[in-house]
Amino acid sequence: MGAATVLKTSGSLGGGDTSLARLARVYAEFVRVGFVNTLAYRLRYYTGIVTYFIYVSVYYFIWKAIYENSTSIEGFDFGHMLTYIAVGWIIRSFYFNNIDQEMAYAVTEGKLAMDMIKPVSLQVMSIAIALGESLFRLALLTVPTALVLLLVYPIHKPASLLHFIGFLASVLMSFFIVAAINFSVGTFAIRLKSILGLLRAKYFLLELFSGLLIPISFFPQIFQDIFSVLPFQYISYIPVLIYLGKISGAEILKALGIQIFWFLALLALGAALWRWSSRKITIQGG
């Protein structure tokens, strides 16, 4: 269901009101739903804080051993590397979402048809609900995890206030990029029925290609060239570089512009995949 359809259907909800304000209110309600629904699972985030702390601790000792005989590797000293890893996992707790997994459940449990009859874009609705969930995690997981790590490890502060503002904007765009990717992956559940293997591969590849596990600059040049024309480094690598001050001035705006481009491109890809996959639903339904 495209943007034009959304405008038409949302207008029918409000007696012909097709204004952007009306549309925003409709999807803001889905953001609220995502936030409220996550309240039922808030206890899991206490264990999540411990889990993320363990992740960072493991990498701390690994990189400490690597840097034992080195002061700098590819422009990163040990302090920068520790900050890179810690900040990377902190922001992952915010931008992570399960849109693809939720779509797979909806297909296997027969709930997708109910979502399809709603007079809204399934794609935008899914992203809005995921945003509400991420806002909840921001309060109960991201911020507490950041505080714990800051108390335990000597993590560097942002390079400057301007860098921190750019970093926050970049992290928000990271969420939208991941959400758009996950929706695209989720559409395959309609035709494949089970995408468990695909989800596992995606999780690993996304962590690797985004630079979460290791900075992109540590890869051979040929891989750096490939990653430079793909959206994945804009999920974790670029936001953390902004935080560290390795991207400054106009380059921050350029990075944000590229993130917006990739979000829109992936949004269009997801819409195309949805149209392709939804035809299969029509065939199965006669």
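A residue counts as buried under 20% relative accessible area and as exposed over 50%, with partly exposed in between. In this predicted model, F53 has a relative accessible area of 26% and is therefore partly exposed, whereas Y153, at 9% relative accessibility, counts as buried.

Aromatic pairs come to a count of 26, and two of them are set out here.

| Pair | Centre to centre | Angle between planes | Class |
|---|---|---|---|
| F53 and Y153 | 6.0 Å | 25° | stacked |
| W63 and Y67 | 6.2 Å | 50° | tilted |

One aromatic cluster includes F53, Y153, W63 and Y67, and among its other members are Y60, F61, F76 and F218.

Turning to the helices, two packed helices are described by the angle between their axes and the distance between the axes. Helix 2 (residues 20-38) packs with helix 7 (residues 122-152) at an angle of about 45°, and their axes are 7 Å apart; the two helices are therefore oblique to each other. The crossing in which helix 2 passes helix 7 is right-handed. On the helix 2 side, the contact is made by Y27, F30, V31, G34, F35 and T38, which meet residues of helix 7 including V124, M125, I129, E133 and F136. The residues of this contact divide into 11 nonpolar, three polar and one charged.

Terms used. Residues are numbered from 1 along each chain as its sequence is written. This is a predicted model: local features need pLDDT of at least 70, side-chain atom pairs count only at pLDDT 80 or more; totals for chains, interfaces and linings use all residues. Side-chain values use heavy atoms; hydrogens and water are left out. Axes are lines fitted to C-alpha atoms, for helices over the stretch in contact, and angles run from 0 to 180 degrees between N-to-C directions. Helices (H or I, at least four residues) and strands (E, at least two) are DSSP runs, numbered from the N terminus. Angles under 35 degrees count as roughly parallel, over 145 as roughly antiparallel, 65 to 115 as roughly perpendicular and the rest as oblique. A crossing is left-handed if the near helix is turned anticlockwise from the far one by less than a right angle, and right-handed if clockwise. Contact means heavy atoms within 4.5 Å. Ala, Val, Leu, Ile, Met, Phe, Trp, Tyr, Cys and Pro count as nonpolar, Asp, Glu, Lys and Arg as charged, and the others, Gly among them, as polar. Rings of Phe, Tyr and Trp (its six-membered ring) pair if their centres lie within 6.5 Å; planes under 30 degrees apart count as stacked, over 60 as edge-to-face and the rest as tilted. Buried means under 20% relative accessible area, exposed over 50%, partly exposed in between (1.4 Å probe, protein chains only).
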